[in-house]
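Here are my notes for your first look at this one.

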Amino acid sequence: LIIMYIRLKNLREDNDYRQQDIADVLNLTQQQYSKIEKGLTEISADKLIKLSEFYCVSVDYILGITDNKQHPKD
């Protein structure tokens, strides 16, 4: 699961978002989102799906199951 936290951070940084921006998308505080990126707090399935849709990548990509970023709706 460590790869998931790396991918969450990379997706955010690659798209020039701040942690606060993503926290807003997920209705979290910046501190709560920071803990998710650091692996200190687990991310719920609904928030994982929301990020998948937000970044237009598959949940499997975020989880590190595949290197294919393509979102299933594409």
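This is a predicted model: local features need pLDDT of at least 70, side-chain atom pairs count only at pLDDT 80 or more; totals for chains, interfaces and linings use all residues.

1. Now find where helix 2 meets helix 4. On the helix 2 side, look for Ile 22, Val 25 and Leu 26. Facing them from helix 4 are Lys 47, Lys 50, Leu 51, Phe 54 and Tyr 55. Sorted by class, this contact between helix 2 and helix 4 has six nonpolar residues, two charged ones and no polar ones.

2. How do we talk about a pair like that? Two packed helices are described by the angle between their axes and by the distance between the axes. For helix 2 and helix 4, the axes come within 10 Å and the crossing angle is roughly 120°. Angles of 65 to 115 degrees count as roughly perpendicular and those over 145 as roughly antiparallel, so helix 2 and helix 4 end up oblique to each other. The crossing of helix 2 past helix 4 is right-handed.

3. On to the salt bridges, where the count comes to four. Which residue pairs with Arg 12 at 2.5 Å? That's Glu 37, with 2.5 Å between the closest N and O atoms. Arg 12 belongs to helix 1 (residues 2-14) and Glu 37 to helix 3 (residues 30-37), so to speak two distant parts of the chain, 25 residues apart, linked by this pair.

4. Arg 12 also forms a salt bridge with Glu 13, and here the closest N and O atoms are 3.9 Å apart. The cut-off is 4 Å, so the 3.9 Å pair of Arg 12 and Glu 13 makes the list. Through shared partners, salt bridges join Arg 12, Glu 13 and Glu 37 into one network.

5. Glu 13, at 38%, counts as partly exposed.

6. One more salt bridge to click on: Arg 18 with Asp 21, where the closest N and O atoms are 2.9 Å apart. Asp 21 has 22% relative accessibility, which puts it in the partly exposed group.

7. Next, have a look at two backbone angles. Asn 27 has a phi near 60°, a positive value in a residue other than glycine. Where is Asn 27? Look in the loop between helix 2 (19-26) and helix 3. Its relative accessible area is 66%, so Asn 27 counts as exposed.

8. Cys 56 also isn't a glycine, yet its phi is positive, at about 60°. You'll find Cys 56 in the loop between helix 4 and helix 5 (59-63). At 46% relative accessibility, Cys 56 counts as partly exposed.

9. Last stop: Thr 41, in the loop between helix 3 and helix 4 (45-55). Which residues does Thr 41 touch, not counting those up to four places away in sequence? Lys 35 and Ile 36 are the ones to highlight. Thr 41 has a relative accessible area of 32%, which makes it partly exposed.

Conventions: Residues are numbered from 1 along each chain as its sequence is written. Side-chain values use heavy atoms; hydrogens and water are left out. A salt bridge is a side-chain nitrogen of Lys or Arg within 4 Å of a carboxyl oxygen of Asp or Glu. Buried means under 20% relative accessible area, exposed over 50%, partly exposed in between (1.4 Å probe, protein chains only). Helices (H or I, at least four residues) and strands (E, at least two) are DSSP runs, numbered from the N terminus. Contact means heavy atoms within 4.5 Å. Axes are lines fitted to C-alpha atoms, for helices over the stretch in contact, and angles run from 0 to 180 degrees between N-to-C directions. Angles under 35 degrees count as roughly parallel, over 145 as roughly antiparallel, 65 to 115 as roughly perpendicular and the rest as oblique. A crossing is left-handed if the near helix is turned anticlockwise from the far one by less than a right angle, and right-handed if clockwise. Ala, Val, Leu, Ile, Met, Phe, Trp, Tyr, Cys and Pro count as nonpolar, Asp, Glu, Lys and Arg as charged, and the others, Gly among them, as polar.
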